[in-house]
Amino acid sequence: MKTTYYWLVFTGSNILLLALTAMVNDGLAGWNIALLLAGPCMVWPALRLPPGELLACVALSGLTADAQLPTPPGFLMSLFAAGAMIAIVARQRLGPMRRTQQIGLAWLLNGLYFAAFTGWALARNHGGGANFWEHLAVDFCLSQLLVIPAALWLFDFQNCVLALAGLTAGPHRAADAS
């Protein structure tokens, strides 16, 4: 029952981050800037949830994000699943991850998600144009700069909500398995 609270907190906070990003993007639409801050969404769930709850978190968070974006259904959900697998592999290779490693992992995942969106946009727009590449560069740089404070906020928010529920942010998945 305890892990049920964890996946609910992680899923709810992911949905909140994605909704806040959509609101910021709506405000930045006049400047033709779009941020992608999805990188932090799968770091803590992949490091702390057992497979069943992780799958539920990936599915609900991804489908919520898919509903907000003009991508095919299941696109971001599949990216979240891939990001969760990358986080699990990183956890197995690095052992217990420090805060800086978690932020770095969120930054890496965000860059990979951005690359996947770029590939999708290129396939849809048949190569884009000069203006496309300028906007892409600005969007990428701003997204990668802002993913660090977004990850810090998300991890602290998740930690606070877990503390309010009387739970702790640890132990990690690997510690539970042994």
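A: Let's begin with the word axis: it is a line fitted to C-alpha atoms, for helices over the stretch in contact, and the angles between axes run from 0 to 180 degrees between N-to-C directions. The helices themselves are DSSP runs (H or I, at least four residues), numbered from the N terminus. This is a predicted model, in which local features need pLDDT of at least 70 and side-chain atom pairs count only at pLDDT 80 or more, while totals for chains, interfaces and linings use all residues. Residues are numbered from 1 along each chain as its sequence is written, and side-chain values use heavy atoms, with hydrogens and water left out.

Now to the packing of H4 against H5. Their axes come within 10 Å and cross at roughly 145°. The crossing of H4 and H5 is right-handed; a crossing has that name if the near helix is turned clockwise from the far one by less than a right angle, and is left-handed if anticlockwise. From H4, residues including Phe 75, Leu 79, Phe 80, Gly 83 and Leu 94 meet H5 residues, among them Leu 105, Tyr 113, Phe 117 and Trp 120. Contact here means heavy atoms within 4.5 Å. By class, the contact of H4 with H5 has 15 nonpolar, two polar and no charged residues. In that count, Ala, Val, Leu, Ile, Met, Phe, Trp, Tyr, Cys and Pro are nonpolar, Asp, Glu, Lys and Arg are charged, and the others, Gly among them, are polar.

Buried means under 20% relative accessible area, exposed means over 50%, and partly exposed lies in between (1.4 Å probe, protein chains only). Beyond its neighbours within four places in sequence, Tyr 113 is in contact with Leu 36, Ala 38, Gly 39, Met 42, Leu 79, Phe 80 and Gly 83. The C-alpha atoms of Tyr 113 and Leu 79 are 6.7 Å apart, although 34 residues separate the two along the chain.

Tyr 113 also takes us to the core. The largest nonpolar core has 49 residues, and those with the most contacts inside it are Met 42, Val 43, Phe 80 and Tyr 113. Helices H1 (2–28), H2 (43–48), H3 (51–68), H4 (75–94), H5 and H6 (130–164) each supply at least two residues of this core. A nonpolar core, in this sense, is a set of buried Ala, Val, Leu, Ile, Met, Phe, Trp, Tyr and Cys residues joined through side-chain atoms within 4.5 Å. Met 42, leaving aside neighbours within four places in sequence, is in contact with residues including Asn 14, Cys 57, Val 58, Phe 80, Ala 84 and Tyr 113.

H4 has another helix to meet: H3. The axes of H3 and H4 come within 7 Å and cross at roughly 140°, so the two helices are oblique to each other. Angles under 35 degrees count as roughly parallel, over 145 as roughly antiparallel, 65 to 115 as roughly perpendicular and the rest as oblique. The crossing of H3 and H4 is right-handed. Its contact residues divide into 13 nonpolar, two polar and one charged.

In the loop between H3 and H4 you will find Thr 71. With 10% relative accessibility, Thr 71 counts as buried. Not counting residues up to four places away in sequence, Thr 71 touches Asp 66, Phe 117 and Trp 120.

The crossing of H5 and H6 is right-handed, and the contact has 15 nonpolar, seven polar and three charged residues.

Leu 122 lies in helix H5 (residues 99–125) and, at 24% relative accessibility, counts as partly exposed. The C-alpha atoms of Leu 122 and Thr 71 are separated by 13 Å. Leu 94, in helix H4, is partly exposed too, with a relative accessible area of 48%. Leu 94 and Arg 124 are 30 residues apart in sequence and 38 Å apart in space, C-alpha to C-alpha.
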